[in-house]
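This report goes through selected side-chain contacts and surface features. Please look at the structure below before reading on.

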Amino acid sequence: MKGIILAGGSGTRLYPLTMVTSKQLLPIYDKPMIYYPLSVLMNAGIREILIISTPADTPRFQELLGDGHQFGVRLTYAVQPSPDGLAQAFVIGADFIGDDTVAMVLGDNIFAGHGLKKRLKAAVENAENSKGATVFGYYVDDPQRFGIVEFDSEGKAVSIEEKPEQPKSNYCVTGLYFYDNRVVEYARNLKPSARGELEITDLNRIYLEAGDLNVELLGQGFTWLDTGTHESLVDATNFVKTMETHQHRKIACLEEIAYLNGWISKEDVLKVYEVLKKNQYGQYLKDVLDGKYMDILQ
């Protein structure tokens, strides 16, 4: 399976913070925001990843992440000239996807929770076994802002509506999507919405109407954060700091994920430690190498 991170957009809701930099390069506690969606794809076992961003910001992501070898992955880059909808990513990334299945995560989404890795692996398996698409639902208090899923009495998804005035539930579709290879052709044939965008909700609806959309609800024990406002940026930083302090484990430590997956060596991690050893991130890497957390992992 291939992976796509869509890290475009103008970030106007975060002005003046994003007037000279990408939203996805802003810090969430001790890591750039893009580390978090990248960690989701890595935890799903995905190693070939395309980062799509704006013409101005793409070089900045390349400077930060390079070709991804330090994380045991292969990163490539593509430009989205203008923000014409989330589903456009599959048109831009068509050659990258080729005949493979694909997962896409939005660059400003943060996912955390015990058992998340198991859910991700199941979504990959679902797509690779020609069982369609998997999206993740999450309860929100302001459903008018999201794509909302309606369920029947047996808990089966029956409709998806983008930013409804009269929401049929409080469960939104988060910014993490797993698809079989049909998604490329479906995206190419989408008609722009009234706001001139290729809507991800329209794409998901195609799968839903074919009976091929699996909606996994992230319930108690899971956290999903969409960091699109000043307030949510602070909330995300506070959440990550609190969780890391109390659980003594980092969220989205890419070197740790790569090391535990067997993608990079102990020597590779030590090189990063030498650069970062003056701060707590570097010390954490040393503790990982020393096996300090193995009892928690098992």
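## A loop residue and its patch

Met 19 lies in the loop between β1 (2-6) and β2 (27-28); helices (H or I, at least four residues) and strands (E, at least two) are DSSP runs, numbered from the N terminus. This is a predicted model: local features need pLDDT of at least 70, side-chain atom pairs count only at pLDDT 80 or more, and totals for chains, interfaces and linings use all residues. Residues are numbered from 1 along each chain as its sequence is written, and side-chain values use heavy atoms, with hydrogens and water left out.

Met 19 counts as exposed because its relative accessibility is 55% (buried means under 20% relative accessible area, exposed over 50%, partly exposed in between, with a 1.4 Å probe and protein chains only). Together with Tyr 15 and Val 20, Met 19 forms a nonpolar surface patch of about 340 Å² accessible area. Accessible areas come from the Shrake-Rupley method with a 1.4 Å probe, and for residues only the protein chains shown count as cover. Patches are made of residues with over 30% relative accessible area and no salt bridge, where like charges are joined within 9 Å and nonpolar side chains (Val, Leu, Ile, Met, Phe, Trp, Tyr) within 5 Å.

## Salt bridges

The whole structure holds 20 salt bridges, each a side-chain nitrogen of Lys or Arg within 4 Å of a carboxyl oxygen of Asp or Glu. One of them joins Asp 30 and Lys 250, at 2.6 Å from N to O. Asp 30 is in the loop between β2 and β3 (31-32) and Lys 250 in the loop between α8 (230-247) and α9 (254-260), so the pair ties together parts that are 220 residues apart in sequence. Asp 30 is partly exposed, at 22% relative accessibility, while Lys 250 is buried, at 11%.

Glu 48 and Arg 74 also meet in a salt bridge, 2.6 Å from N to O. This pair links strand β4 (residues 48-53), which holds Glu 48, with strand β5 (residues 74-79), which holds Arg 74, across 26 residues. Glu 48 is partly exposed at 30% relative accessibility, and Arg 74 is exposed at 51%.

## Aromatic pairs

A search of the whole structure gives 10 aromatic pairs. Rings of Phe, Tyr and Trp (its six-membered ring) pair if their centres lie within 6.5 Å; planes under 30 degrees apart count as stacked, over 60 as edge-to-face and the rest as tilted. Phe 151 and Tyr 171 are edge-to-face because their planes stand at 90°, with the ring centres 6.0 Å apart. Phe 151 belongs to strand β9 (residues 147-151) and Tyr 171 to strand β11 (residues 171-179), 20 residues apart.

Tyr 177 and Tyr 179 are stacked, with 6.3 Å between centres and 10° between planes. Both of these tyrosines are buried.

## Helix α7

Which residues of helix α7 (residues 200-209) are buried? They are Ile 200, Thr 201, Leu 203, Asn 204, Tyr 207 and Leu 208. Seen down the axis of α7, these buried residues fall within an arc of 160°, so they line one face of the helix; the arc is that of the directions from the helix axis to the C-beta atoms. Just after α7, Gly 211 has a positive phi of about 75°.
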